[in-house]
Amino acid sequence: MIELLHDQLFFSFPGIHPDASLTIQFQRTLRIPDDDRDYPLPPGLGCFPLRHVDDFGARVPEAWIEHGGILLPMYQSEAMWLNFDTGYCDDRGVSYPIAIKIATGKINAITGLPWSGGLHKHPQNYAVAPEQPWLDGYCVEKGVIRQFVAMPLGAGYTAEEQLTGAAEHGGIQISAFPMKREVFERRFPKIDRSISQLRRMSLDDTMAVSEPTARDSMGLAPGGRMKQEIYEDPYDLSDWDTKSGARCFVHITNSLIWRQITGEYPPTVPPTSAEYARYGLPWFDYYEDRLSALRGSNKLKKLKSVAALGKEKNDVPLPENQSVSPEKIIVLRKGLKKNQVRELAD
Amino acid sequence: MRQTFGSYIRKVRDDRRLESSEFSVRKIASRIGVEPSYLSKVERDEVAPPSEATIVRLAVALGEDPDLLLAMAGKVSSDLRAVILKRPKLFADLIRQLKNAPDHAVLRIAREVRDGRW
């Protein structure tokens with residue numbers, strides 16, 4: 001079952017376990033410079049608004065109604081990252097593990113392969129939460145991603161267009177699979193309440209008029225390089241309940257027509273990286289030494305960044321792309337305090 | 001005896017305080033933009049519950065559900081009120097029909113995100 005709760009996508013699997021749930025936030029953020037330097041993690045600037053596609057049937061392309069799902073607004077060349085939060089099982093002192101598959105334009109963001117059903121380990125086509133708290137882009141190398149940057153579908157910049165030559169799907173596709181209940185209960189036995197509290201405390205401490213058309217659809221393209229590890233699944237492939245998965249198509253519409261569709265104003269334009277750095281605001285790094293990072297996808301590594309492709313096209317797709325030197329970097333260790341992740345202000 | 005708004009806030013904050021000093025009266029008051037003395041009075045039910053905006057900030061600071069705290073304060077969030085006022089007959093009928101329904105029946109009509117063909 002998938003619901004929209006306060007601009008968050010909430011997956012729940014009550015038939016599996018009451019705590020088997022996943023909340024995904026689509027976070028607004030800075031677009032890091034696309035200059036082939038490796039940047040730390042930018043901050044979260046709040047959630048993109050999310051709406052049911054079905055609520056705007058006459059105002060969105062027909063294909064969107066066929067896909068179902070939700071829609072959100074992004075400006076051209078705006079960036080985003082995904083925040084994952086899984087349900088906490090108090091009597092076992094752990095968060096319920098959920099395997100998450102993410103694709104953009106039906107291209108898997110971890111493997112670069114076309115969207116397919118199920119989970120695979122060779123190559124691993126999913127991330128595991130809570131171990132993977134965030135995903136900021138395409139996994140291009142071990143420890144390096146290229147930031148998710150919104151570009152108009154049809155302009156040739158998206159990962160989908162670069163890899164398939166077609167501008168067909170756009171948006172983001174998400175599937176979530178809970179761990180099998182019997183596996184969860186075996187791996188994470190019940191613990192004494194006082195120990196459960198201690199374990200949680202210790203974790204906490206360590207750490208938006210013409211009719212909109214398909215032309216107004218956006219896709220995600222590879223932007224600047226960022227230091228972020230995508231972790232190997234620490235569990236067995238057979239631990240996942242692949243028969244109980246849930247999936248959602250997230251359509252991206254240009255913020256400039258968000259109001260035509262929904263009647264609501266889109267969020268404001270986020271600050272540039274240069275503006276952000278000028279004020280000495282924090283960037284982030286995440287540290288988890290118990291898990292191995294995936295090597296990265298050769299297919300995704302070969303993608304051209306928005307800036308590089310723009311140069312080839314004699315186009316200026318990024319209005320501002322000045323290199324910056326982040327000075328204040330906050331290192332976050334595994335076990336973030338709830339609701340205190342990568343926020344600009346406490 | 002029915003739990004009051006103030007006593008509920010105090011209990012939740014005290015529970016969190018056992019885990020972290022971030023939940024002292026002073027720190028929570030600072031985070032939600034009120035004086036510590038005012039928050040203490042709220043917790044002792046010596047003053048009426050604060051404004052909707054303050055209650056929502058308090059809910060966020062304590063990790064509680066804003067709608068639950070607003071209801072305990074005898075309030076309905078302004079966005080919900082606006083929803084009802086936009087289509088009063090429809091929502092009044094709906095709410096009356098659901099008033100005696102068990103939780104699981106209400107949850108069944110909670111809106112799911114529809115998946116289509118792609």
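## Helix α3 of chain B

Buried means under 20% relative accessible area, exposed over 50%, and partly exposed in between, with a 1.4 Å probe and protein chains only. Helices (H or I, at least four residues) and strands (E, at least two) are DSSP runs, numbered from the N terminus. Contact means heavy atoms within 4.5 Å.

Which residues of α3(B) are buried? In this helix, residues 36-43, they are Leu39(B), Ser40(B), Val42(B) and Glu43(B). Seen down the helix axis, the buried residues of α3(B) fall within an arc of 160 degrees, so they line one face. That arc is taken from the directions from the helix axis to the C-beta atoms. Asp45(B) follows α3(B) and has a positive phi, near 60 degrees.

## Basis of the model

This is a predicted model: local features need pLDDT of at least 70, side-chain atom pairs count only at pLDDT 80 or more, and totals for chains, interfaces and linings use all residues. Residues are numbered from 1 along each chain as its sequence is written, chains are lettered from A and ligands numbered from 1 in the order written, and side-chain values use heavy atoms, without hydrogens or water.

## Chain A overall

Chain A has eight helices and 20 strands. Of its 346 residues, 57% are buried. Its accessible surface is about 14600 Å², and carbon and sulfur atoms account for 48% of that. Areas come from the Shrake-Rupley method with a 1.4 Å probe; for residues, only the protein chains shown count as cover.

The mean pLDDT of chain A is 90, and 90% of its residues reach 70 or more. Residues 198-209 of chain A have pLDDT below 50, yet this stretch has 34 contacts in the model beyond near neighbours in sequence. pLDDT is the predictor's confidence in each residue, from 0 to 100. Where it is low, the predicted coordinates should not be read in detail.

Gln8(A) lies in strand β2, residues 8-12. Its side chain makes a polar contact with the side chain of Gln25(A), at 2.7 Å. A polar contact is a pair of N or O atoms within 3.5 Å; within protein, one must be able to donate a hydrogen and the other to accept it, and residues adjacent in sequence count only if both atoms are side-chain atoms. Beyond four places in sequence, Gln8(A) touches Glu3(A), Thr23(A), Ile24(A), Gln25(A) and Leu50(A).

Leu22(A) sits in strand β3, residues 21-29. Is Leu22(A) buried or exposed? Leu22(A) is buried, at 0% relative accessible area. Its contacts beyond four places in sequence include Phe10(A), Phe11(A), Phe84(A), Ile98(A) and Ala176(A).

## Start of chain A

Met1(A) is in the segment before β1 (2-5). With 31% relative accessibility, Met1(A) is partly exposed. The C-alpha atoms of Met1(A) and Pro114(A) are 25 Å apart, and the two residues are 113 apart in sequence.

## Cysteines

Cys47(A) is partly exposed, at 28% relative accessibility. Cys248(A) is buried, at 1% relative accessible area.
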